[in-house]
Amino acid sequence: MKLERIRFFPTCKKARAPFSHRVVIGLGGNQGDVKKRFVKLYRLFLNDPRFFIQESSMVFQNPPFGYLDQPDFYNAVIVLQTSLRAKALLKVLLHVEHIFGRIRLFKNGPRTLDLDIIFFDNQTIHQPNLIVPHPKWSERASVIVPLFTLKSFKG
């Protein structure tokens, strides 16, 4: 396990007023050049007017869980501001995963990119395809370690 700095990870900017929600997104992947993919993802969010990137964590390399016969994962978190509602944000994130080649073969399997809504403001959401805060986030080093590298995180 190790922490790494790559371009845009970590970053920290002051919040912007026109957006109504603050969201923490978990990033993960273990297929191909994941660190390069994180940089491309950052640029995608940077160029999308629906989002303002407030902060990103350091990148954490860690062993897989669940299905163990696969490469190590790289994980990070990114704090976005948006005016999208949670369900609309989820739809965008699933589309972004698809753009980056995500194919869901089986639970906890290898992936090019995994995007999870960890927190959406201070809301608790229980909908058929969306649970916020993300289930078991507090038990996963892949979320906790990057969160603790954020300047804005108050654990």
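**The core and its surroundings**

A: The largest nonpolar core holds 34 residues, and those with the most contacts inside it are F9, I25, F38, L89 and I117. A nonpolar core is a set of buried Ala, Val, Leu, Ile, Met, Phe, Trp, Tyr and Cys residues joined through side-chain atoms within 4.5 Å. Buried means under 20% relative accessible area, exposed means over 50%, and partly exposed is in between (1.4 Å probe, protein chains only). Two or more residues of this core come from each of β3 (21-29), α1 (34-46), β4 (51-56), β6 (73-82), α2 (86-99), β7 (114-120) and β9 (130-132). Helices (H or I, at least four residues) and strands (E, at least two) are DSSP runs, numbered from the N terminus. Apart from this core lies another one, of eight residues, including V24, V77, I118 and V143.

The model is predicted: local features need pLDDT of at least 70, side-chain atom pairs count only at pLDDT 80 or more, and totals for chains, interfaces and linings use all residues. Residues are numbered from 1 along each chain as its sequence is written, and side-chain values use heavy atoms, with hydrogens and water left out.

With its neighbours within four places in sequence left aside, L89 is in contact with V23, I25, F51, L84, I117 and F120. Contact means heavy atoms within 4.5 Å.

The helix α1 can be taken next. This helix has 13 residues and reaches 18 Å from its first C-alpha to its last, close to the 18 Å expected at 1.5 Å a residue. The expected span is 1.5 Å times one less than the number of residues in the helix. Within α1, the residues V34, R37, F38, V39, L41, Y42 and F45 are buried.

β5 and β6 pair in the antiparallel sense over three bridges, and Q61 stands opposite Y74 in β6. Two strands pair if DSSP finds at least two bridges between them. On another side of the pairing pattern, strand β1 (residues 2-4) and β5 are also antiparallel, over three bridges. Here Q61 in β5 is the bridge partner of K2. From strand β5 (residues 59-62), V59 and Q61 point one way and F60 and N62 the other way, and all are buried.

Some backbone details follow. Most residues other than glycine have a negative phi, and most peptide bonds are trans. The peptide bond from F9 to P10 is cis, with omega near 5 degrees. P10 is in the loop between β1 and β2 (11-12), and F8 lies in the loop between β1 and β2 as well. Phi of F8 is near 75 degrees, a positive value in a residue other than glycine. F8 counts as buried because its relative accessible area is 18%. A cis peptide bond also runs from V132 to P133, with omega near -5 degrees; P133 is in the loop between β9 and α3 (141-148). D121, in the loop between β7 and β8 (125-127), has a positive phi near 50 degrees. With a relative accessible area of 27%, D121 is partly exposed.

R102 is found in the loop between α2 and β7. Its relative accessible area is 14%, so R102 is buried. Leaving aside its neighbours within four places in sequence, R102 is in contact with E97, R111, T112, L113 and D114. The C-alpha atoms of R102 and P10 are 24 Å apart, and these residues are separated by 92 residues along the chain.

Last comes the protein chain as a whole. It has three helices and nine strands, in the order β-β-β-α-β-β-β-α-β-β-β-α along the sequence. Buried residues make up 50% of its 155 residues. Of the contacts in the protein chain with a separation of 6 or more, 74% are between residues 24 or more positions apart. A compact globule of 155 residues would have a radius of gyration near 15 Å, and the protein chain has 14 Å, which agrees. This radius is taken over C-alpha atoms, and the globule rule is 2.2 Å times the number of residues to the power 0.38.
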